[in-house]
Amino acid sequence: MMKSGTLRSYRIERQTLLIDADDTLWHNNIHFERTTNAFIDYLGHSRLSRDEVRQVVNEVERANLKTNGYGTESYTANLIEAYRRLSEREIDQRALDEVFNIGMQILDAEIELLHGVSETLEDLSTRHELVLFTKGNPNEQRSKIERSGVKQHFKHIDIVTEKDVTAYVEVVRTVGAIADLTWMVGNSPRSDINPAIDAGLGAVFIPYEFTWEIEIEEISLPSGRFLQLDEFPQLLEYF
Ligand SMILES: [Mg+2]
């Protein structure tokens with residue numbers, strides 16, 4: 001981790017900053033947490049603890065990631081599958097509809113930007129090339145970007161199905177950036193930090209308090225260009 005004593009400025013040359021959206025620019029996973037809690041309430045399991053039910057939901061999510069991808073619809077399908085597995089009541093259409101409605105209410109959640117995001121993006125965009133780089137359901141992500149009020153600060157927007165090394169190499173090529181002058185900024189070790197470092201980019205890790213369990217892993221190579229910050233506005237100290 002870079003400490004303030006080793007503070008380095010990357011302002012001299014124009015950098016390309018790829019920036020994650022969910023739980024980096026705005027709150028996202030808290031809506032899923034809240035909804036999973038509502039699901040656990042509805043399931044009302046007689047023996048399994050809340051945490052045990054949550055583990056089953058996680059298991060289903062992990063198993064379906066490759067085929068179903070990310071986003072509210074996939075998540076809702078996973079809740080329905082978890083319900084089928086765990087329900088102690090007879091499974092009828094009414095119950096399945098209820099679980100469907102519990103999951104899909106995430107689409108109605110307001111976009112709430114994290115602290116200082118709007119001002120920081122505005123400032124950064126005067127010196128650097130900002131690219132919004134997110135994964136998930138394209139329509140859902142696009143709708144959130146539209147509603148966020150910060151779209152205008154980005155030169156490009158790229159929505160992919162998975163943020164792996166290939167996706168990073170591809171986005172750098174698409175926006176015409178130079179890897180040595182490109183950074184990924186995000187909250188997920190699995191999707192934002194490790195694959196970006198593996199693709200030869202710098203990485204700025206800004207942990208989020210409620211990051212989705214599936215996105216958490218060891219940061220494998222903090223020897224490249226790597227910064228860890230407490231919050232988004234601290235980007236202005238470096239860029
Ligand atoms: Mg994220």
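Let's begin with helix 3, which has 15 residues and, at 1.5 Å a residue, should span 21 Å; the C-alpha atoms at its ends are 21 Å apart, so the two values agree. Keep in mind as you look that this is a predicted model. Which residues of helix 3 are buried? They are Thr72, Tyr75, Thr76, Asn78, Leu79, Ile80, Ala82 and Tyr83. The elements that cover these buried residues include helix 1, helix 2 (50–68), helix 4 and helix 6 (138–148).

Now follow the chain to helix 4, which takes in residues 93–104. With 12 residues, helix 4 reaches 16 Å from its first C-alpha to its last, close to the 16 Å expected at 1.5 Å a residue. Its buried residues are Val99, Ile102 and Gly103. Seen down the axis of helix 4, these buried residues fall within an arc of 95°, so they line one face of the helix. And what about the other side of helix 4? There you can find Gln93, Arg94, Asp97 and Asn101, which are exposed.

Let's step back to the domains. The domain assignment divides the chain into domain 1, made of residues 4–26 + 111–237, and domain 2, made of residues 30–108. How far apart do the C-alpha centres of domain 1 and domain 2 lie? The answer is 29 Å. Where the domains meet, nine residues of domain 1 are in contact with 11 residues of domain 2. On the domain 1 side of this meeting place, there are three nonpolar, three polar and three charged residues.

Finally, take in the whole chain. Its secondary structure comes to eight helices and six strands, and from the N terminus on the elements run β-α-α-α-α-α-β-α-β-α-β-α-β-β. The chain's radius of gyration is 19 Å, close to the 18 Å that the globule rule gives for 239 residues, so the chain is as compact as a globular protein of that length. Taken along the principal axes, the C-alpha atoms fill a box of roughly 65 × 35 × 30 Å. Of the 239 residues in the chain, 34% are buried. There is one more thing to look at, the contacts along the chain. Among contacts with a separation of 6 or more, 72% are between residues 24 or more positions apart.

How values were computed:
Residues numbered from 1 in each chain as written. Predicted model: local features only at pLDDT ≥ 70, side-chain atom pairs only at ≥ 80, totals over all residues. Domains from an automatic or database assignment. Contact = placed C-beta atoms within 7 Å. Nonpolar A, V, L, I, M, F, W, Y, C, P; charged D, E, K, R; others polar. Helix = DSSP H or I, 4+ residues; strand = E, 2+ residues; numbered from the N terminus. Rg over C-alpha atoms; globule rule 2.2 N^0.38 Å. Buried ≥ 20, exposed ≤ 12 C-beta atoms within 10 Å, placed from the backbone. Expected span 1.5 Å × (residues − 1). Arc of directions from axis to C-beta.
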